[in-house]
Amino acid sequence: MKYTTRQQALLLLSDGTIFHGKSIGLSGVAFGEVCFNTGMTGYQEIFTDPSYFGQLMVATNAHIGNYGVNEKEVESDGIKISGLICKNFSFNHSRPDAAESLESYFKNQNLICISDVDTRALVSYIRENGAMNAVICTDDTPVDELKKTLSEVPNMKGLELASKVSTKAPYYYGNENAKYKISALDLGIKTNILRNLAKRDCYIKVFPFDASYQDLCSFNPDGFFLSNGPGDPDPLHSAIAVAKQIIAEDKPLFGICLGHQVIALANGVSTYKMFNGHRGINHPVTNLVTGKGEITSQNHGFAVNKEELELHPDLEITHLHLNDGTVAGMRMKSKNCFSVQYHPEASPGPHDSSYLFDQFIANIE
């Protein structure tokens, strides 16, 4: 890819629908599953969230890039989305502590972005027709050629992506003299999850996605954590086996998003690909234990089978998504294990659910 001046660009959906826009500068093509995020802020955290690996992001906020980027507001080692589709791209930014513009950030990491797209029409189309594979093109590649290549892009269903974003070697986070030690399985972990654990006096050792139960136990942890991440949970056989062993030993276990789905699979409860998924920072959830409502940050395209969960003798639903009634949280009745289908660490998003980290520490104690 080379850096060029702005030119005409397009988004081609797998069903043949085309939306037109303009390139923000990088020339090339980018493939992925198209999805949309309804958040009004926090674009840098969204772009660097490993859970978005393999996806073309549609930003529903009309302005993207207006406050630049800040090196402290990343959730991983770089941009993880496959490409960006937006309405108005701000080439100039007005934030005193911004390190650089979003344009230069994209240029340095070779991220293709198209702007001037009718994102309201696009989101309406995705909502009606479901998430699907797509390609954004800024280099005049013929549409017939794009269609042929797009037809060969694998569907997200059945796709294992945790290995693409997980750490290659174990690493430590936090104060080594902290009160608690946590072994975390990295399926695509966000940095702010580690920050939340560390500020609760935890020292965390983060392990690759395919680490064994013995590997995690070698740290002699007080608790175990299964992280968020991209792709279908069903192919994660190693992580599912690890979850089964942790549960069998009745060790304190907490899972978020993909980790939540892995815990369900470890208990024999299936997962499924959602029509659209939940992505945004204003999703309403009700806590069935306390009766309180929470506004949550969410990012997932798969969910746990509610009917199977309700019939499971040792699982109970703790949280429900108020928009569609999908499972947003669960816990085991006889084991020290719970999980949620959303992001209590937020970043971006509200802090309504940060108590879940405190609940994890209470379970350890």
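A: Accessible areas here come from the Shrake-Rupley method with a 1.4 Å probe, and for residues, only the protein chains shown count as cover. On that basis the protein chain exposes about 14,700 Å², of which carbon and sulfur atoms supply 48%. This is a predicted model, in which local features need pLDDT of at least 70 and side-chain atom pairs count only at pLDDT 80 or more, while totals for chains, interfaces and linings use all residues. Residues are numbered from 1 along each chain as its sequence is written, and side-chain values use heavy atoms, with hydrogens and water left out.

Q: How much of the protein chain do buried residues make up?
A: Buried residues make up 59% of the 365 residues, where buried means under 20% relative accessible area, exposed over 50%, and partly exposed in between (1.4 Å probe, protein chains only).

Q: And how many helices and strands are there?
A: The protein chain has 11 helices and 19 strands; these are DSSP runs numbered from the N terminus, helices being H or I with at least four residues and strands E with at least two.

Q: Is strand 1 mostly covered or uncovered?
A: Strand 1, residues 8-13, is mostly covered, since five of its six residues are buried.

Q: Which way do strand 1 and strand 2 run?
A: They run antiparallel, and five bridges join strand 1 to strand 2, residues 18-23; two strands pair if DSSP finds at least two bridges between them. A9 stands opposite G21 in strand 2, and in the hairpin of these strands, which has four residues between them, G16 takes a positive phi near 95 degrees. Strand 1 is also joined to strand 9, residues 132-137, by four bridges, again antiparallel, with L12 opposite V135.

Q: Changing topic, how many aromatic pairs does a search of the whole structure find?
A: The search finds 14 aromatic pairs, meaning rings of Phe, Tyr and Trp (its six-membered ring) with centres within 6.5 Å; planes under 30 degrees apart count as stacked, over 60 as edge-to-face and the rest as tilted. One of them is the tilted pair of Y203 and F219, at 5.9 Å centre to centre with 55 degrees between the planes. Y203 lies in strand 12 and F219 in the loop between helix 7 and strand 13, so the pair ties together parts that are 16 residues apart in sequence.

Q: Are Y203 and F219 buried or exposed?
A: Y203 is buried, and F219 is buried as well.
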